[in-house]
Each structure stands twice: as structure tokens, then as C-alpha cells.
Amino acid sequence: MGNDGGSIPRRNEMVREKQQDEKVDRKAQLLAMNFFCALSKQPLREPIVGDGLGRLYNRESILEYLLDPRAFGDGDRICGHIKSAKDVRTLNLSRNPKFDQTRSSSKQTLSFDDQPTAQFVCPVTRKEMNGNLPFEFNWRCGCVVSAQARKEMADLATCLACSQPVEAKDIVPINSLDAEVVDSLRQRIDERKQAKKQKSSKPKSKSKAKRQHSEQDAQPAALSLASALEGKGAKKAKTLAPLTQVLIISGVCFLCPGMFNALNGLGGAGQLDPRTTSDANTSLYLAFAVCSILGGGLVNVAGVRYTTAAACLAYALYTGSYIYYNNTGYGAFTIAAGAVLGIGAGILWTAQGVIMVSYPSENEKGKFIALFFVIFNMGGLLGGVLPFAINYSRSGALTDSVYVLFVILECAGSVVALLLVPPTSVVRNDGSHATIRQSSSARQETLEVVKLFRNRWMLLLLPMSFSSNFFYGYCFSAYNGALFTLRTRGFNNLLYWSASILSSFALYLLLDYSRWTRRGRGVFSVAAIFITSNAVWACTLVVQLRYTRGGELTDYPGGQIDFLDHGRAAGPIALYFFMGMVDSWYQNICYWVIGTLTCDAFITARYIGFFKGVQSAGAAVAWQLVARNVPFMNQLVANWVLLLVSLPTMAYVVMHIEERALDDRLMYLSPRVNKSYVTDDSFVGLSGAAKRTPLGSII
């Protein structure tokens, strides 16, 4: 105190004041709770469990706590209410494809300037689970969705992810900081414990106890698919599985369109004069174009089974017409049969597209598309072997016996088609449905078909659709049919369809490569097609410059090429092999791109019908160019220009796709649901911000 060498103390040094409560940043707290285990404080990693209060834990941390409650110093304070594994639920979370595993796992602190990408997203809205939006899980099944998604579909009494029944008391908000919500959750925990005690105290009859015991024994062995099919039996479940249905439709196309491709691949369907076949193909593809666009609605109304079976008989009629032509020389019947086949083909290929594209789940689309084309192209392979063997030592038109054999095989395809089941009966391995509609009407389908002509994505894919079968006229007639002898055409078909089979498998490995995003896989595939297709057409141009007419009067140096003339045949035959490879890649990517637009079978039917209709219009033009003897060089240039026009628009669509199509988020709902409102962000290019759109208006 004054002049004694000391100091004068301040008031806060002599009087203890009440300390103010430390303010906690609510946003930072929520961010941490959604990225770190509430018990171990380690980054969350699957398997993840949730308790009755909505807190998230690594399952291994909970197991360690149950074995030794003292393993974590504050374990009793955090999760003292957890007494056994039954007090938590393993959560079914949807992975975020944008999540950076290395970056998010290594960061132990979170900042708003560099907010990490969330590991998980809502399976319906695709919003990230990062604490900015409330999420919740179903106590019965453990499925996690955003509160926004459940609010939008509040009238549904089933889980949005797995279709199991759900009640309001089963919904557990995740990481809620609202004291009233937490208190109500504690009350629910007590109610569950109380109900469990009362249930265990009730005496059980012997029959009931025996039944319950048998049910418990059966549960671990139950398959998810068999459960989704409500116990219809393992054999029936396999029949209704997407893989089985794709195998069936592949077999149908192996026996019918496969044989048709084999005939066309011989050049003029094995006839000396290709004009009749070209005219028949023109009438075929014109009818095909019209019926394909309407075929989606017809398949939706009448189903896939009987329409496909009837369509197969049209292939048999067309092939049989060549027997009449061989014996009379009149081509009118063959041309009329081509028109009938166009009607049948429009229906069959629409049904085929529905099954191949909409039945498999997202991570299996590439595999199922490749599987179909492998089996389908074996039809062309077999169709090349038979004529090659029969006509090895002779020349001229195909004999009647070859056509009769093809007719028998195509009739067998009609019988196989009867094994198909409607889309509403198909349930995928993950429990989701192949469609969310039970039925459709002719009026509704007519309106939806009209809407396709205003659909942005269908219009962008017009060049792709038009060009996808355009090159067959040139490849089969102006190249294979003009340059090679009859037996060499059959040999070339072996190589062409073998290349298609091998390349389909190779492309499947890329399209289903899970480490890349779906957009990345699509961009890389389109780039590969751009490079290989242009290389093939450039090599074809080199060959085309050496001749202007084909057949026995060809001006190609040395005349028609036979496969035994190795020096002359090696290059042109190898080029035809690569034509088959590029053809397969192009067809595969076309179906895959359409598959990214939707997963619903009814919508797919319309999209595929539109695609096949435009495709057939292009093929009709191509075959008419052949029939009118348009110079081979002009046909080549037309094909090359169409390719260059189609690839940019295809790439644009691929650049705007997301990991899952919009309606794929509803595939877990009951098939009884006809309309639902969800956030439409399946294509980020639709608008800058997500918009609320009814599912029925998407198409």
C-alpha cells in the first residue's frame, strides 16, 4: 500500500465474480456430431449405430464399452442408458459418391472455411448429412433419411428406403439439440423398456412359444429377395429376379432378332439380288419407327409376356417369306412380311429395353446390358456358323433348308417369351421395385407419348438414336455384301458378332466401375467411342476408295474376296471385325445413357420406344439408300457425318447426369404409389436450384 514497494490491487483481484457461461457454437457442434463418434470421438465409419436419443456411434466403440464400461472415461455420462446391443440400431446409410475418404478421415478438427464433404446423403433428396439439415432414422429398420423427405411424403405409412411399416413413435431424430426433443426421446426409451418387461411377464402358450421359436430360427436364413416377395418360395423368387428375366429376354432375342441379324449380315439376306431385301428392310423399319414410339404405351397397357411372344412370330413369318421368294422369284410377299415384322419388332424391342434397363439396380446396369448383348450376339454368331458350314462348297443364294432352320429357331423364341413376368412382380436383390405403378391406361399412355416430343433429353438424344442403326445398311450390304463371297460373308459374321460379344464384356467393366462416378464413366466411354469409331471409318474410307460397285461385277482389285485368299482378305476382314466392336460399344452406351434417365419400368418403356422409333427411322433411310443404289462413298460419308453430330449431344447428356435417377429414389416405396413429390435434382442442368416436381410430370 502506498510507498511500501507494493501495488494497489484491482477489484476483480479481491472479489470473486460469477463467471459467464461459455457459449457453444451450435453449427460447429452439429457438424462435429455428424462426423465423429459420440463415445470415442473418432471419425464415424461404417458400421454405424444409433441409440434411442439419436446419437451416432461406431459399432466397435459400443461393443468395447459394453465389454468394459470404464474403457471410456465419460462413457457412463454419454451412453449410460445403453445396457446391451438391443439398445442401439445398426443404421442403413446411403453413401455420398462425392465423399473424399482420405481428407475427411484425416481431419480431426472442422472449420466453416473448409467444410468437409459428408460421408452420407439422404437416399431420396440426395442432401448431405452434415448437420445443416435435420436427419432421422427408423427404429424398426435403421434406415436414415432427411426430415424433409419424410415431411414431403408424410401420408406414407412405410419407410422411404425399405417399404417396411413405420409409426410416428419409431422415428428418431439424429443429433437433436432441442431439450424438449431429447426429453421425449428419453421417455420413449423408458416406454420401450416398460413394454418389454410387460411382454416378458405374460405367460405364453406352448403352441405360440413353439411358433415363435421356429420363426426366430428361420429369420437368419431368410433371403432379402424372398422376404420382399412375401414368401412365395425360393424357386419363384429366382424366376422373378431381374437376372432371370434378363436371361429370358436375352434368349428370346438370341432366337429371333439374332437370326434376323445373321441373315442381314450375309448381305441381301443371302440372296443374289439384294434389292428385294433392301425394300423389305425399308418397309420393316418404317413400320418399326411408328410402332416403336407407340410400343411403349402398348407394352405398359398389355404387358411384356404375350406382346413379346406374338412379336416373335413376326420374325418367323419374315424369314419364311424367303422360301416363297426362292421358289417364285416374287418379292411382294417378302416386302409385306417386312412391314409385319416392323410392327412386331417395335413391340419386342420396347419390351426388351424395359427389362434390360429398368429391372437391374444402378450398380448392375452395365453388367446386365453387356450380358444381354453377349447372349443376343451369339444368335448372330450361330447364324453365321450355319450358312458358312452349309454353303462352304457352293455359291449362290441360301437354300430353303437354311431358312427352315431359322424359322424353327424363331418359333422357339415365341415359346420362351411366355416365361416373362410383368414389371410389377419384379423385386431387385436390395428389396426395391422395378416400377412404382401398378397399371396404366391407353389414354394416359397416349398423353405421355406426346410429351416425349417435348422432353429435353429425348430431343438431345435424337442424333444418337437416328444414327445407332444407320450404319447397318452400309456395313452389311455395301461392305460385306459387296466385297466378299457368300461363304466369306458367313465367316465375317462369325468375326463381327464375336467382336460384339468381347467388346460388350469389356465395356461392362468400365460402365460398372464403382470407383468412378457415373458421370466419369459415361464421359470416358463416349471418348473411347469417339476415338475408335473415327479410326474405323477412316480405315473404311481407305478400302472404299478402291471400289465403286459390288457383287460378282465388283471393280475391287482382284474381284470378290474369299477368306482363303489370305493376302487380299486379311485387312478387309480385320476391319469388319472392328466394325462389330464399335457397333457393340455404341449400342451398349446408348442403352446405358437412357438407363441413367430413369429406373421406373413404365417410364423406361416410353423412353426405349421413342429411342427405337427414331433408330428405326434412321435404319429405314439407310436401307433405302442401299435399295436405290446410292454410291457407296456417299453412304460412307453420311454415316461418318451422323456419328460426328451424335457424339457431342450424347456427351452433353452424360455430363449432366448424377449418381441416381430421380425416380430411383422412390423404387423402395410400395408399388401402389402412383404419384409422389420429391426434389428433382437428378439432372443438375434442369435448373440452378432444385425444384419440387411431381413424378408423373418428369416425362
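## Exercises on burial and surface

In this predicted model, 53% of the 699 residues of the protein chain count as buried.

**Exercise 1.** Describe the overall make-up of the protein chain, from its secondary structure to its contacts and its surface.

*Solution.* Begin with the secondary structure, which comes to 26 helices and 10 strands. Turn next to the contacts with a separation of 6 or more, of which 75% join residues 24 or more positions apart. Finally, take the accessible surface of the protein chain, which is about 31,600 Å², with 59% of that area belonging to carbon and sulfur atoms.

**Exercise 2.** Locate Lys-612 and determine which side chain of opposite charge is nearest to it.

*Solution.* Lys-612 lies in helix α25, which covers residues 601-627. Lys-612 is buried, yet it has no salt bridge. The nearest side chain of opposite charge is that of Asp-583, at 9.8 Å, whereas a salt bridge would require a side-chain nitrogen of Lys or Arg within 4 Å of a carboxyl oxygen of Asp or Glu. Once neighbours within four places in sequence are left aside, the residues in contact with Lys-612 are Phe-288, Ser-292, Trp-349 and Tyr-591.

**Exercise 3.** Identify the residues of the nonpolar surface patch, and explain how Leu-317 is classed by its accessibility.

*Solution.* The patch is formed by Leu-317, Tyr-324, Tyr-330, Phe-333 and Val-340, which together have about 470 Å² of accessible area. Two elements, α14 (305-328) and α15 (332-358), each give two or more residues to this patch. Leu-317 belongs to helix α14, and its relative accessible area is 35%.

How values were computed. Residues numbered from 1 in each chain as written. Predicted model: local features only at pLDDT ≥ 70, side-chain atom pairs only at ≥ 80, totals over all residues. Heavy atoms only, no water. Helix = DSSP H or I, 4+ residues; strand = E, 2+ residues; numbered from the N terminus. Buried < 20%, exposed > 50% of the residue type's maximum accessible area, 1.4 Å probe, protein only. Lys, Arg positive; Asp, Glu negative; His and termini not counted. Contact = heavy atoms within 4.5 Å. Patch = residues over 30% accessible without salt bridge, like charges linked within 9 Å, V, L, I, M, F, W, Y side chains within 5 Å. Areas by Shrake-Rupley, 256 points an atom, 1.4 Å probe, with all protein chains shown as cover.
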